[in-house]
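Thanks for coming. I will take a few minutes on one model and go through its cavities, cores and domains. Please have a look at it first.

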Amino acid sequence: MNEEYDVIVLGTGLTECILSGIMSVNGKKVLHMDRNPYYGGESASITPLDDLYKRFKIPGAPPASMGRGRDWNVDLIPKFLMANGQLVKMLLYTEVTRYLDFKVTEGSFVYKGGKIYKVPSTEAEALASSLMGLFEKRRFRKFLVYVANFDEKDPRTFEGIDPKKTAMREVYKKFDLGQDVIDFTGHALALYRTDDYLDQPCCETINRIKLYSESLARYGKSPYLYPLYGLGELPQGFARLSAIYGGTYMLNKPIEEIIVQNGKVIGVKSEGEVARCKQLICDPSYVKDRVEKVGQVIRVICILSHPIKNTNDANSCQIIIPQNQVNRKSDIYVCMISSAHNVAAQGKYIAIVSTTVETKEPEKEIRPALELLEPIEQKFVSISDLLVPKDLGTESQIFISRTYDATTHFETTCDDIKDIYKRMTGSEFDFEEMKRKKNDIYGED
Amino acid sequence: MALRELKVCLLGDTGVGKSSIVWRFVEDSFDPNINPTIGASFMTKTVQYQNELHKFLIWDTAGQERPYFCTDKEEQILYHYRFRALAPMYYRGSAAAIIVYDITKEETFSTLKNWVKELRQHGPPNIVVAIAGNKCDLIDVREVMERDAKDYADSIHAIFVETSAKNAININELFIEISRRIPSADANPPSGGKGFKLRRQPSEPQRSCC
Ligand SMILES: Cc1cc2nc3c(=O)[nH]c(=O)nc-3n(C[C@H](O)[C@H](O)[C@H](O)COP(=O)(O)OP(=O)(O)OC[C@H]3O[C@@H](n4cnc5c(N)ncnc54)[C@H](O)[C@@H]3O)c2cc1C
Ligand SMILES: Nc1nc2c(ncn2[C@@H]2O[C@H](COP(=O)(O)OP(=O)(O)O)[C@@H](O)[C@H]2O)c(=O)[nH]1
Ligand SMILES: [Mg+2]
């Protein structure tokens with residue numbers, strides 16, 4: 001470890017592992033360390049189940065009804081991948097997808113008046129949905145047809161709407177859509193967490209709805225994907241990529257000091273030894289004095305012995321509770337997966353509720369979601385700070401990732417990765433840069 | 001003929017010849033200057049076994065097995081940390097594991113037991129274990145007796161062979177033995193629907209944003 005590296009990475013969360021992989025593939029000499037004895041940091045999947053109990057200080061061992069502890073891989077942060085999303089693109093370009101197996105999430109649901117409904121996203125589904133009355137359905141159908149035909153490069157598809165000027169609110173008005181339909185369109189299809197988008201130009205919203213439909217079209221049941229054995233497989237896969245291209249991995253390494261000289265990082269001290277570097281990437285937990293808190297997220301991991309009611313016994317699903325429905329500013333999300341994904345013992349389900357904290361009593365805020373899940377066998381509650389770097393790192397060459405936010409997808413994570421890449425290299429992120437630079441597959445394919 | 005994909009992972013200390021064994025098996029050649037890390041990360045070879053085709057998907061450690069010093073948090077001692085940088089993903093779904101030691105280095109045989117322990121902890125329950133005593137072309141400097149290794153392998157019901165990646169001794173035999181030990185396809189049908197690999201769409205639509 002007494003060596004000079006181009007880049008030292010601290011923490012093996014998804015953001016750090018993807019960046020580590022990109023740097024190694026591009027010929028940088030990388031040392032990647034984690035203070036924990038496991039990969040993944042905050043984006044780890046905890047196994048065995050005993051470790052989850054210990055982590056949340058639940059007294060006693062898991063009861064026998066929980067099955068074998070080793071069969072569990074419980075995510076700390078709930079997320080799905082959008083089938084047509086950026087993370088999927090990164091997995092394909094790096095070929096890390098070779099190490100992983102996925103399943104399509106079985107359903108996407110939205111909450112209305114205390115009940116949940118399947119999210120209709122095609123004309124046929126919209127017509128069959130009990131979410132809307134008959135006339136509303138006709139209008140919604142017209143809206144979906146408009147969105148499907150919309151092409152921001154072809155003014156003939158605009159039909160009097162100016163994508164860069166007309167507010168989304170006006171578009172809804174034009175199609176005469178009611179409040180409930182607006183709620184699920186904005187929150188369950190365009191996947192906005194708040195209503196701020198209503199007064200923005202409509203182009204982005206329309207494209208988001210198109211993205212949802214295109215992702216949905218890819219595999220059918222829903223636009224979301226989930227990797228077998230849990231999200232913790234993702235950082236491990238990118239760490240392997242980094243190692244193949246020469247990255248050195250050390251886990252269980254306590255980090256004593258980040259050494260800065262004249263305002264610029266020059267190395268990292270661990271167990272009395274110093275490894276020198278030109279640049280440093282780390283998650284906020286390694287540099288508490290260089291980050292600030294911008295909010296809080298509450299996440300509640302719930303273990304169930306039954307599928308969620310009214311989801312057609314889906315073995316995996318997502319439920320979005322639009323803020324309007326429960327008098328909030330931001331949506332509440334439920335992500336559910338189960339033994340079908342090798343993350344829980346046979347017959348068990350893991351539902352994770354999450355949202356941005358808005359009050360002093362965050363556990364009260366998520367009650368509508370918990371009510372959908374009852375009976376809950378075991379709950380694990382966490383409230384975590386959202387931390388962001390205080391500066392861009394241009395001077396110190398210390399590049400700090402942002403904590404994972406309340407979104408249940410990887411969009412913001414991928415944006416952070418692209419942004420850090422740009423700050424580190426001075427050039428715009430390009431997926432092409434992630435491609436493996438030499439053949440490392442031998443034998444027949 | 002039925003084709004079965006079998007994942008095989010390699011374990012053992014750095015320098016015992018893991019990468020060389022795979023290279024010999026897949027490419028039938030030996031490179032004395034094989035790069036310790038960069039090289040082949042994923043190698044495949046299909047062989048016929050009885051009325052099945054076995055496609056071995058072989059995972060090399062990518063150097064993540066390299067030892068480093070580290071303080072154990074519980075015992076507060078500095079020790080050679082050999083294992084944990086190998087991710088659980090590495091063992092996931094393996095049908096077999098080949099644990100390699102170097103017959104000219106006693107120490108690589110002593111750590112074998114730790115690799116076996118590591119595998120029991122993190123590997124799939126029914127994994128076929130094979131032990132390979134590599135570099136058997138170097139008998140003049142042998143430090144590990146074949147008998148001792150064989151006895152140990154027997155005690156844990158593992159396959160055992162002495163190999164030489166350099167002189168192509170027992171490499172194919174090692175894999176044939178693995179084929180023989182792997183339960184037949186109908187003995188354990190895949191449970192509960194497997195996942196799929198992501199593939200690129202025939203034409204990736206280019207999205208421009210406003
Ligand atoms: C439960 C849930 C809640 C969500 N909440 C939010 C939210 O609060 N805010 C939010 O912004 N998104 C939200 N999303 C949607 C998110 O943007 C999409 O799911 C998304 O594409 C994330 O998946 P991904 O990270 O795997 O792929 P992405 O990386 O998101 O891939 C999407 C591709 O399309 C673009 N893209 C992605 N998302 C959008 C988008 N929403 N609008 C326009 N272009 C996009 C990206 O730049 C990229 O090229 C949510 C998704 C889910 C499943
Ligand atoms: N004499 C001899 N040398 C070998 C044999 N196999 C590997 N080596 C050498 O041992 C060194 C380490 O081999 P390598 O395959 O990189 O080991 P790994 O670290 O376990 O992957 C290299 O210099 C090889 O040339 C063998 O069968 N006989
Ligand atoms: Mg090797």
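This is a predicted model: local features need pLDDT of at least 70, side-chain atom pairs count only at pLDDT 80 or more; totals for chains, interfaces and linings use all residues.

Residues are numbered from 1 along each chain as its sequence is written, chains are lettered from A and ligands numbered from 1 in the order in which they are written, and side-chain values use heavy atoms, with hydrogens and water left out.

Domains of chain A. The bounds come from an automatic or database domain assignment, which gives domain 1 (2–40 + 230–290 + 386–440), domain 2 (56–104 + 294–384) and domain 3 (118–216). The centres of domains 2 and 3 of chain A, taken over C-alpha atoms, are 27 Å apart. Contact, meaning heavy atoms within 4.5 Å, links 13 residues of domain 2 with 14 residues of domain 3.

Now the cavities. On a 1 Å grid over the protein atoms alone, a cavity is a set of points where a 1.4 Å probe fits but cannot get out, and lining residues have an atom within 4 Å of a point. Grid points are joined across faces, edges and corners, and a volume is the space filled by probe spheres set on the points. The whole structure has 5 cavities of 30 Å³ or more.

Where does the largest cavity lie? Domain 1 and domain 2 of chain A both contribute to its lining, so the largest cavity lies between them. Its volume is about 80 Å³, and its lining includes A:Leu14, A:Asp75, A:Leu231 and A:Phe410. The second largest cavity holds about 70 Å³, with A:Tyr224, A:Gln318 and A:His409 among its lining residues.

Next, the cores. A nonpolar core is a set of buried Ala, Val, Leu, Ile, Met, Phe, Trp, Tyr and Cys residues joined through side-chain atoms within 4.5 Å; buried means under 20% relative accessible area with a 1.4 Å probe, protein chains only. The largest core has 185 residues, and A:Leu234 and B:Ile98 are among those touching the most other members. Helix α1 (residues 14–25) of chain A gives the most to this core, 7 residues. Another core, of 26 residues, lies apart from it and includes A:Cys302 and A:Ile376.

Leaving aside neighbours within four places in sequence, A:Leu234 contacts A:Leu14 and A:Phe410, among others.

Last, chain B. Of its 210 residues, 49% count as buried.

Definitions and conventions. On a 1 Å grid over the protein atoms alone, a cavity is a set of points where a 1.4 Å probe fits but cannot get out, and a pocket is an open set with protein on both sides within 12 Å along at least five of seven lines; lining residues have an atom within 4 Å of a point. Buried means under 20% relative accessible area, exposed over 50%, partly exposed in between (1.4 Å probe, protein chains only). Helices (H or I, at least four residues) and strands (E, at least two) are DSSP runs, numbered from the N terminus.
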